[in-house]
Protein chains: 2
Amino acid sequence: MQNTTTLPNGTQVISQHIPGIQSVALGIWLQHGSRHEAPHQAGYTHLLEHLLFKGTKQHSATELATHFAAMGGQINAQTGRELTALYGLVTADKAGELLSLLLEVYLAPAFSEADVVHERQIVLQEMALGSDQEDAILAQIWPSNAQPTLQNATAAMLHDYWRENVQTCRLWITAAGAVRHDDLLERCTELSNFPKGQVPEQQSPQFVPVCHQIDNLSSQVQLTWVFPAPPFASPLLPVYIIANHLLAGSTVSRLYQALRLDRPLVYGVQGRLECYTDAGLWWIQTVVPVQHLTICRQRVETVWQTLAATGPTSAELACTLAHLQARVQLEADDSQATMERLAREAIYLGEIRTPASYLAQLESVGDIREIMQVAWKNRAYFEG
Amino acid sequence: MQNTTTLPNGTQVISQHIPGIQSVALGIWLQHGSRHEAPHQAGYTHLLEHLLFKGTKQHSATELATHFAAMGGQINAQTGRELTALYGLVTADKAGELLSLLLEVYLAPAFSEADVVHERQIVLQEMALGSDQEDAILAQIWPSNAQPTLQNATAAMLHDYWRENVQTCRLWITAAGAVRHDDLLERCTELSNFPKGQVPEQQSPQFVPVCHQIDNLSSQVQLTWVFPAPPFASPLLPVYIIANHLLAGSTVSRLYQALRLDRPLVYGVQGRLECYTDAGLWWIQTVVPVQHLTICRQRVETVWQTLAATGPTSAELACTLAHLQARVQLEADDSQATMERLAREAIYLGEIRTPASYLAQLESVGDIREIMQVAWKNRAYFEG
């Protein structure tokens, strides 16, 4: 299914051909994120993401923008806690050119002093407004204090940071769709001048307990339960995926039924798993009108305890497995989702799973009751 | 490319096979929206959308939710000014079952009194919070006053409304992806009991001039220019599409360059065309820090006047056409976007365009200057 090539400097180029479609989703992925910043460099990765498309040594910002616009796809970047990515979606004939331009942006960014001043304003403004970039809950549980360091960042400091911390990362290039592996490899010659990529050093995350939050803008309260979860590569993760889906993953989930269908206490309920190399978080979130706060909290607790005590019915479990199986099949058509999955599996698992092996893991989940009981006892990050 | 069948009652079933993919996006589309509501029934369509998945004469809400969840895709509904749609994305083997269930929801909804009371609360709450469902600008330009009528709506009134105004609509069923046309037709037998669908009567929309808005939650001002635009089927629309793209459609557009790249006055700028059977709106929108309001407004005016006076460079025009061409190609892989395009073209144009004929229309656009000059003179919906 996939072609994987490891270049001399450790970079992996992974492509997956999806027959019948015309587009290619392509990304450059780095194992580098905000958790790898030193305290005096907090926020640099995010600011650098903003600066990336501001020009390179070969092309001005306008020239880059013109090239990307003519490709027609979305070209973008994201920075997270552990990963940074530059990526795009283009028609097949543009995939090689997209990779060359993204590599140029990565290998030879310009970062002028004027751009640093401008984009710093924008980033600080985003932070002041409450960032769209980062999940607000995650920002509370795993805080980073970027504001003061960004105020003092200069172009020279950012260039040093990029050269020393980002260009030395291990790199993954993943592509999915109407892609030719050889075309990608041809575009990677410049990477041979770069040192062997390193896996970053990191310390365990220091999660901070959070309370449920009051949204001051309305009479709605954001009510969140947060639990520890296993890392991405843990064999326990499938148990959490099933448990989360049974609780909050669809309109037939226990919490959706209890909070929305039986009596509409909340507009919706969602559950989410966020997994890293060495840790993970699981949260269940609702937005509740103030007058329903107490009953909503009681119901969540009751629903949780019931499911943790008796487990799902066999019909519920079958519906959950059918849903997750269909989701895997639907994702196989989606070049962007596939491109991202290839990167996360290569980085976190060291291999690309077959959809069948992933589904087999989900199907083999025997019992969710024990982990639900443990999670409830360890809901250390929630203070009601 | 497409298969189209017109059933005896006027319903059109249109499918487009996309080779190589496993999913099917499928929707039931009605030419009915909030503009077809009588004043004393304002808001009914949106409330009814909320009630649709609450059960039918054959299946309870939980049974419906279980069926949909096991399909694994997103099943949803939308109501707009002119169109209502029920739709989903599922794997190929589930397409027939999805169509049967969506038709059941349309033909035999339950709408219990208890559900009306519950969902009315939710809809009124959405309105009070500032709806996510509807574009805030559009809600100002083309207002509807649904709150008082919804307060008094009963299940019996909603049943009558559904039967008299929605089930009598002309219906379009569109599907794209790994779809077999015959499977869809087989599922449509129940439609033969329904009367021939009608095209709704409607009066020309009464647009209301709006001012730029102040966002009270921050020091940001939302600055919007609104212009009249042609209807969906107008041969003039391609001129507006090109003009909008040149002005605000990419990172290389004139306004993005002037407001974001040269000096970051705003975080972003967007242009949007909203087209109906008999009218259309074009708007350019930015969110501006208060201190940049005056200069931002001047720059937009200058950029507009310059482009309207001299037209684009040939390089700019070529980049715009390349971008729009690539977008059409990328959309061809996207079963959901294709399903929606089939519906809009069938409803608004009475035929499905080939991508080549649409691109030829864009390529034949000679001059955007005149419509830009006319639009600026008719910016009746903006008061600076």
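Is B:Thr338 buried or exposed? That residue opens this note on a predicted model.

1. **B:Thr338.** The residue is buried, with a relative accessible area of 1%. Helix α13 of chain B, residues 335-349, holds B:Thr338. Its side chain reaches the backbone oxygen of B:Glu331 at 3.1 Å. B:Glu331 is also among the residues that B:Thr338 touches beyond four places in sequence.

2. **Helix α10 of chain A.** The buried residues are A:Leu255, A:Tyr256, A:Gln257, A:Ala258, A:Leu259, A:Arg260 and A:Leu261. Note that A:Arg260 is on that list.

3. A:Ser250 sits in the loop between α9 (237-248) and α10 of chain A. A:Ser250 is buried, at 11% relative accessible area; the cut-off for buried is under 20%. Its side chain reaches the backbone nitrogen of A:Val252 at 3.0 Å. Leaving out residues up to four places away in sequence, A:Ser250 touches A:His245, A:Tyr256 and B:Ala69. A:Tyr256 is one of the buried residues of α10(A). B:Ala69 belongs to chain B.

4. **B:Thr251, in the α9-α10 loop of chain B.** B:Thr251 lies between α9 (237-248) and α10 (254-261) of chain B. B:Thr251 is partly exposed, with a relative accessible area of 34%. Its contacts beyond four places in sequence are A:Ala65, B:Tyr256, B:Gln257 and B:Leu261. A:Ala65 is in chain A. B:Thr251 and B:Gly55 are 196 residues apart in sequence; their C-alpha atoms are 46 Å apart.

5. **α2(A) against α12(B).** Which helix of chain B packs with helix α2 of chain A? The partner is α12(B), residues 314-332, while α2(A) spans residues 61-71. The axes are 6 Å apart, and the angle is about 40°. The two helices are therefore oblique to each other. From α2(A), the contact takes A:Thr66, A:Ala69, A:Ala70 and A:Met71. From α12(B), it takes B:Cys319, B:Ala322, B:His323 and B:Ala326. By type, the contact residues are 6 nonpolar, 2 polar and no charged.

6. **α12(A) against α14(A).** Within chain A, helix α12 (residues 314-332) meets helix α14 (residues 355-363). Their axes come within 11 Å and cross at roughly 165°. The pair is therefore roughly antiparallel. The crossing is right-handed. On the α12(A) side, the contact is made by A:Leu321, A:Leu324, A:Gln325 and A:Val328. On the α14(A) side, A:Pro355, A:Tyr358, A:Leu359, A:Leu362 and A:Glu363 take part. The set divides into 7 nonpolar, 1 polar and 1 charged. An α-helix has 3.6 residues a turn, so residues three or four places apart point the same way.

7. **A:Ile75 in β4.** What does A:Ile75 touch, leaving out residues up to four places away in sequence? The contacts are A:Phe53, A:Phe68, A:Tyr87, A:Gly88, A:Val90, A:Leu98 and A:Leu102. A:Ile75 itself is in strand β4 of chain A, residues 75-79. A:Ile75 and A:Leu89 are 14 residues apart in sequence, and 6.7 Å separates their C-alpha atoms.

Notes. Residues numbered from 1 in each chain as written. Chains lettered and ligands numbered in written order. Predicted model: local features only at pLDDT ≥ 70, side-chain atom pairs only at ≥ 80, totals over all residues. Heavy atoms only, no water. Buried < 20%, exposed > 50% of the residue type's maximum accessible area, 1.4 Å probe, protein only. Helix = DSSP H or I, 4+ residues; strand = E, 2+ residues; numbered from the N terminus. Axes fitted to C-alpha atoms, helices over the stretch in contact; angles between N-to-C directions. Parallel < 35°, antiparallel > 145°, perpendicular 65-115°, else oblique. Left-handed = near helix turned anticlockwise from the far one by under 90°. Contact = heavy atoms within 4.5 Å. Nonpolar A, V, L, I, M, F, W, Y, C, P; charged D, E, K, R; others polar. Polar contact = N/O pair within 3.5 Å; in protein donor to acceptor, adjacent residues only side chain to side chain.
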